[in-house]
Amino acid sequence: MSSALKLINPNSDFSKQALQLNITAAVGLQEVLRSNLGPRGTIKMLVDGAGALKLTKDGKVLLTEMQIQHPTASMIAKASVAQDEITGDGTTSVVLLVGELLKQAERYVSEGLHPRMITAGYDASKKEALNFLEEFKTKHEEIDRELLVSVARTSLRSKVHRALADTLTEAVVDAVLAIQREGQPIDLHMVEIMKMQHRAETDSRLIRGLVMDHGARHPDMPKALKNCFILTLNVSLEYEKSEINSGFFYSTPEQREKLVESERKHVDDKLRKIVDFKNTVCTGEFAEYGFVVINQKGIDPLSLDVLAKHNILALRRAKRRNMERLQLACGGIAQNSVDDLSQEVLGFAGHVHEQVLGEEKYTFVEDVKDPYSVTILLKGPNAHTIDMCNNAVRDGLRAVKNAIEDKAVVAGGGAFHVALSQHLIEFKKTVKGRAKMGVQAFADALLIIPKVLAQNAGFDVQDVIVALQEEHMDGHIVGVDVKTGETMDPKMEGIWDNYRVHRHMLHSCSVIASNLLLVDEIMRAGRTSLKGPEPGM
């Protein structure tokens, strides 16, 4: 084949050891990500061209930010990132499994077995594995909060340190439960993630409402209000020049005063309506209630002064995104005019207060009654810590959403991989011909997950695998206890993985590994190599 290619095109670039190159690339990528798996995995430091740091152990972040030049490694990385985009987790596991499937296949190929036989075994194993997953998963028609907390904790502890994971777990679960509506799909865009460089990362919390990254622009306005009516406006409360170029002539100071007055009258009328509306609403049983105006357009200093005198907290130039969320969080309807205001258009919040950090002002709208949108406030002493929390929270939210939608979870800690490996060894007896070897290779490759979990926790891999297999033979579901290195029951410990993550992982691993095994030659694509040699070369 290679000589034929040279005959066709003497300038062509090709490699005969394609299979060996692919296996080397997959194993090389596996070695990079190996140490990041699980709650005891180590952290990688990424440094960009400008010298900015990023600390992470999230497989998706590593694979998207790392510079990967090898085409095979790049392909595995893209497939793993696709796994994260679809299911929200399992990136590192996909890389480990693909690398191990190719490594196991290499043993048989070096003994003369054709790669097609191995891929036939991989296909049979994949089908059987997916059937086994359906039996192995734990179904829950009604998923309670306790189970969701376990799912979120399992996901988050593999991304950030234990204390931070436990802080974020409660926030993530409560955020998803707050926006969940019966019979409707869960929209995670309704969970706003707000970043604040302040104090420690363990001070991050869930806010049932909204945090806006700007505050009141008048020193006399109240800084905190309890039980507030919230009026959302899209009305200009500042003097605007007319679009027509016009001039006015006056001969006395009185005429000038009248001119200024008439210019202000338009804005003053709007303010009077807002103040009268506030006085109408905040009477009787609502006399102690606060009143907040949040406007998408401008409010000039004179108008702010009027509102401050009537104890109204007003925010101007609010972002459109915040205006939309405000209605979802607090209720109420945004108004484009101050005519015909009624109590139905008002939202409500139990507590509105302002916090100043250096030159930044933040306004918290909290304790709303039935929010359709909530905010997770991420705090941290520096930018890379906040980024790490942000990536973890994103995965945690997806894990909770998946568990609710799947109505099923899978025992974690490597338990599924140990059980599936033993099941495939039994299944091998029913497979005819040389495809048996492929099934055996698949069964051996699955053990990479419990092996790496044990290795990253600092325990002897062989001891742990033997203990897991012996315990499984006795009929128990067992995973790796990363604290002691012994076996444990993930169901008792509350270690649960997402069902859809495992299902997608089994699909993608076997397909990628099979495709790479069947590559026998790598050539440079494109028409550039068809040109004759350069003159003088």
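Are Tyr122 and Phe442 buried or exposed? Both residues are buried, where buried means under 20% relative accessible area, exposed means over 50% and partly exposed lies in between (1.4 Å probe, protein chains only). The close-up views below come from a predicted model, in which local features need pLDDT of at least 70, side-chain atom pairs count only at pLDDT 80 or more, and totals for chains, interfaces and linings use all residues. Residues are numbered from 1 along each chain as its sequence is written, and side-chain values use heavy atoms, with hydrogens and water left out.

**View 1. The aromatic pair of Tyr122 and Phe442.** Rings of Phe, Tyr and Trp (its six-membered ring) pair if their centres lie within 6.5 Å; planes under 30 degrees apart count as stacked, over 60 as edge-to-face and the rest as tilted. By this rule there are 9 aromatic pairs. The ring centres of Tyr122 and Phe442 are 5.7 Å apart and their planes stand at 75 degrees, so this pair is edge-to-face. The pair links distant parts of the chain, with Tyr122 in helix α6 (residues 115-136) and Phe442 in helix α14 (residues 435-446), 320 residues apart. Helices (H or I, at least four residues) and strands (E, at least two) are DSSP runs, numbered from the N terminus.

**View 2. Tyr122 in the largest nonpolar core.** A nonpolar core is a set of buried Ala, Val, Leu, Ile, Met, Phe, Trp, Tyr and Cys residues joined through side-chain atoms within 4.5 Å. The largest has 100 residues, of which Tyr122, Ile376 and Leu397 touch the most other members. Apart from this core lies another, of 44 residues, including Leu233, Leu237, Cys282 and Val365.

**View 3. The aromatic pair of Phe229 and Tyr289.** This pair is tilted, with 5.3 Å from centre to centre and 35 degrees between the planes. Phe229 belongs to strand β8 (residues 224-233), whereas Tyr289 lies in the loop between α9 (253-281) and β9, 60 residues apart. Phe229 counts as buried because its relative accessibility is 7%; Tyr289, at 24%, is partly exposed. Ring pairs join Phe229, Phe286, Tyr289 and Phe348 into a cluster.

View 4. Asn295 is placed in strand β9 (residues 290-295) and is buried, because its relative accessibility is 0%. Leaving aside neighbours within four places in sequence, its contacts (heavy atoms within 4.5 Å) include Leu233, Leu237, Arg316 and Met323. Asn295 and Met323 are 28 residues apart in sequence and 8.4 Å apart in space, C-alpha to C-alpha.
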